[in-house]
Amino acid sequence: MRDAVDDISPAKLEELSRDDSLKKVMDADKNSEETISLDTKDKRYVSYTRILKGKLAKYWGYPKKAKERLMEGTTHAVFSLSRDGGLIGVSVTGSSGHKLLDQEGSDAVKRAAPFPPFPDSITVNKLNIMVSFSYQITATEKKD
């Protein structure tokens, strides 16, 4: 009785081996995640983060009560997205010093969701995005 492997040519065995290795790499990427800044310069993410910024800008604002009380600060947060653009979660990682401002940053991400699916250049299964929401009241000097 002959071994079944004898029927497969060496070239075919090499091809199957490469395919299996590629599959393992692709499966590893699907289960991986990456953390980036919304202001990343990494070419794999720039076009996607540009879309995210635009969408967030539509849903983020300066809370009226915070403006009236002259509250200022910067909220730092991280939000996580799945490959299909679904929001997995958002958390404040650095407080502005005002709950009202921190909550607005977090809520803006939630209102903007869902986001577009990842482009082919993003191979991870989960993307964590660091974002900062800056709340500054600028006084303009009136000229006569």
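Where in the protein is confidence lowest, and where is it highest? Colour by pLDDT, the predictor's confidence in each residue from 0 to 100. Helix α1 (residues 10-30) has the lowest confidence, with a mean of 55, while β2 has the highest, at 98. The protein's mean pLDDT is 85, and 74% of its residues reach 70 or more.

A word on ground rules before you select anything else. This is a predicted model, in which local features need pLDDT of at least 70 and side-chain atom pairs count only at pLDDT 80 or more, whereas totals for chains, interfaces and linings use all residues. Residues are numbered from 1 along each chain as its sequence is written, and side-chain values use heavy atoms, with hydrogens and water left out.

**The overall fold**

Switch to cartoon view. Along the sequence they run α-β-α-α-β-β-α-β. Of the 144 residues, 28% count as buried; here buried means under 20% relative accessible area, exposed over 50%, and partly exposed in between (1.4 Å probe, protein chains only).

Select β2 (73-82) and β3 (87-94). These strands pair in the antiparallel sense over 6 bridges; strands count as paired if DSSP finds at least two bridges between them. Click F79, and then its bridge partner in β3, V90. Between the strands of this hairpin are 4 residues, and G85 takes a positive phi near 90 degrees.

Now step back to L70, in the loop between α3 (64-68) and β2. L70 also has a positive phi, of about 60 degrees, although it is not a glycine. Its relative accessibility is 62%, so L70 counts as exposed.

**Stop two: an aromatic cluster**

Show the side chains of W60, Y62, F133 and Y135, which form one aromatic cluster. Rings of Phe, Tyr and Trp (its six-membered ring) pair if their centres lie within 6.5 Å; planes under 30 degrees apart are stacked, over 60 edge-to-face, and the rest tilted. By this rule there are 5 aromatic pairs. One of them is W60 with Y135, a tilted pair at 5.3 Å centre to centre and 55 degrees between the planes. W60 lies in the loop between α2 (46-59) and α3, and Y135 in strand β4, so this pair ties together parts that are 75 residues apart in sequence.

Is Y135 buried or exposed? With 0% relative accessibility, Y135 counts as buried, whereas W60, at 30%, counts as partly exposed. Y62 and Y135 have ring centres 5.4 Å apart and planes at 80 degrees, so they are an edge-to-face pair.

**Stop three: helix α4 and what follows**

Select α4 (99-112). This helix has 14 residues and reaches 20 Å from its first C-alpha to its last, close to the 20 Å expected at 1.5 Å a residue (1.5 Å times one less than its number of residues). Its buried residues include L101, G105, A108 and A112. Among the elements covering the buried residues of α4 are α2, α3 and β4.

P114 sits in the loop between α4 and β4 (126-135).

Note on methods:
Helices (H or I, at least four residues) and strands (E, at least two) are DSSP runs, numbered from the N terminus. Contact means heavy atoms within 4.5 Å.
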